[in-house]
Amino acid sequence: MEQYSVTGMSCAACSARVEKAVSKVPGVKSCAVNLLTNSMGVEGTAAPAEIIAAVEDAGYGAALKDGAAAKPDAAAREDALADKETPALVKRLISSVFFLIVLMYFSMGHMTWGFPVPALFEGNYVALGLLQLLLAAVIIVINQRFYISGFKAALHGAPNMDTLVSIGSAASFVWSVYVLFRMTAASGDAAHELMGQLYFESSAMILTLITVGKTLEARSKGKTTDALRSLMKLAPETAVLIKDGKETEVKIDAVKPGDVFIVRPGENVPVDGKVIDGTSAVNESALTGESIPVDKKTGDTVYSGTVNTTGFLKCEALLVGADTTLSKIIKMVSDASATKAPIARTADKVSGVFVPVVLGIATVTTVVWLLLGQPFAAALSRGITVLVISCPCALGLATPVAIMVGSGVGAKYGILFKTAVSLEETGKAQTVVLDKTGTLTRGAPKVTDVLPAEGVGINELLSAAYSLEALSEHPLARAVCEYAEEQGVKTFALQNFKAIFGNGLEAQKDGSLYLGGSVSFISSRASVDKAQTDAADTLSEQGKTPLMFSENGRALGLIAVADVLKPDAEQAVKELKNMGLSVVMLTGDNEKTAKAIGDRAGVSDVLAGVLPGGKENAVKELQSKGKVIMVGDGINDAPALTRADIGVAIGAGADVAVDAADVVLMKSELCDVPAAVRLSRATLRNIRQNLFWAFFYNLIGIPLAAGVFGLKLDPMFAAAAMSLSSFCVVTNALRLNLVKIREERHDAKRKGRDAANFTLVIDGMMCEHCEKRVCTALMTVPGVESARADHVSGKAYIKAAKKVRRGALKRALSKDDYKLLDIIPEGEKYGL
């Protein structure tokens, strides 16, 4: 995706116009314009020059971004998101308010409340009118941007919010100038009466209040990128390299892979690298959200932007510039805010026609009030009020501000959403599929049980096992050795070591024969009592691998090894279930082992014996029940991650998996999966609130301004309402910063959902294609959470709200020529 900066946009109508113009360029596959960041993401083969020309033809400016967000230069990165709009607006606002106070003193203060004025203006209504004209003209010049942008857009056939504001302000000003000319020919009471028809203060007040709103909006918009700006400030501008045995400080962009750099206590790591000397604790909270520093030693990886807290580290550079983890995170967050969420489409459709419709309503309002006998000044005031109160900005900002804040909150917690679509869709999933190895479990075997035989001490068993396994290269041997080392057990020298393929190990010491391996192997070479074999069977049923050891035909005992669950696996599964999600575990293990691990994790739905190539098909089948989140970490998970509606990759996993995923968990903690779902749901809820407010405001405000409810609204109040509407939308989006995505207390709302299983008897299903069509039809019915169909039995199984309507199910099926014959409550369960 190519990123462009777009200038000249002021509201949703502008962004819709730019998007429409660029989408027509041959070779453009997709285009997403972000009003919040004044940016545009374009996918396709079209040349940048053609895209820029299309934007310019639409009346706006565009330039290809230089990738500042990914550049290592800190100044360029910060400048990319610097809030340049607010300072300029503050200056305009201060100047406008100063002249407006003077204008209001002479127009409202003197004429309404009798405030004293210089003798020159006392009773001289023409002089008062001229002074108001001059003051209003000064404010118009200060805020000329509204006029330039508004009329320029209108000339290009794409009127925007500035067009509404400028027309409303200009109409008030021009009408007032006409009245002022009439005053020159009038005198006395007639001139005083005409003073009441001057709207210079309305013209100026409209511009000033809109500027107030724009200033508040710009300031709030600036806060939405705080998370991204804080990320950009992390990487230092320089690095200290070791060259020819000397320390040399260089610019960060001069560092190349293979260079050796040093990091002293308190300094930031400049690039991603590998520790070649030294030990320290490194604070990685900026990347992972984890506040506890991580111990680093020789061979460990350090990441750009993290802080060395204690020791001295010498490292070799691995990834530099745009390839560092920090730069990739910044790019992901930037790209997410540059894309468009599906929920924004409704607002976009409305925004595209909003301004022309409002102009039409304003014209009709003025004409109707004239036909009803109202004076021209009163009818014009109604039309101006309609123009000013309408707010396409709120519609345009409703989605992008929430997406930007949501993406920033996710980045702060180490949860990276690659696109706006992934941020929206994660919260809509019905099923979460967890790969077992490396995702639900640690991915490395650990000793879980040590059971010495009767009359044998634990140290005797561990010493023999350690001495044997230390000579082996098997992964299970490493687990035994690590455990023995942790227990402080010593080894003894063995001779004539032999690995017997498929069975175990054999070695001798001073004529004594030591054996280690499977229970069946040891049982054939040594005396094993029933208690030991029963214990081995119990361990096997628990999904563990029992290793038995013996000395000269005497059983020493059992050591069980297993791929243990991650510390937060059980809690993560519990939280997902409490959120109303079905949790499924995928594994290539046999069903017995898989069931044991699933039971420990709290996963009731286990798909065992799934080969690496079958994971994608498993996800595909689950998608018939609803949207699926796939969580994985390995190369073999990449196809399944791509197939799933939302792919979630563990950050410590393979690069291929991370590239294929839609969401990346930097901390590699499973509890971040429910956290991501919470954040997605909170963001979606916030967007809906924003859209409701934006639509509700305009649906009520425009008729109110037109006088439908019998009330007369002053244009100045309309301008204030319009300014506050956009400010309210942006402020509401900022509330996402307060969401506690790791707290499950609010999940309780979904725990007791009134849902049940139903069996539907359906006529007309003949094949697997019919099954898919039936499932698709059922999933469109409100209240249906998941569905599975079986054409052989002629039944479909759904999980739905108990109050799901029979008629709705019947209509959905009949559209595809299937007939609902019966519904059986609490029907056959199928592993939901």
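Reply: Two residues are in contact here when they have heavy atoms within 4.5 Å of each other. This is a predicted model, in which local features need pLDDT of at least 70 and side-chain atom pairs pLDDT 80 or more, while totals for chains, interfaces and linings use all residues. Residues are numbered from 1 along each chain as its sequence is written, and side-chain values use heavy atoms, without hydrogens and water.

Helix H5 covers residues 125–142 and helix H7 residues 161–184 (DSSP runs of H or I, at least four residues, numbered from the N terminus). Their axes lie 10 Å apart, at an angle of about 160°, and H5 and H7 are therefore roughly antiparallel (an angle over 145 degrees, on a scale from 0 to 180 degrees between N-to-C directions).

On the H5 side, the contact is made by Tyr-125, Val-126, Gly-129, Leu-130, Leu-133, Ala-136, Ala-137 and Ile-140. They meet Phe-173, Val-177, Leu-180, Met-183 and Thr-184 of H7. Eleven residues of this contact are nonpolar, two are polar and none is charged (Gly counts as polar).

Leaving out residues up to four places away in sequence, Leu-100 touches Ile-139, Glu-201, Ala-204, Met-205 and Thr-208.

Key:
Helices (H or I, at least four residues) and strands (E, at least two) are DSSP runs, numbered from the N terminus. Angles under 35 degrees count as roughly parallel, over 145 as roughly antiparallel, 65 to 115 as roughly perpendicular and the rest as oblique.
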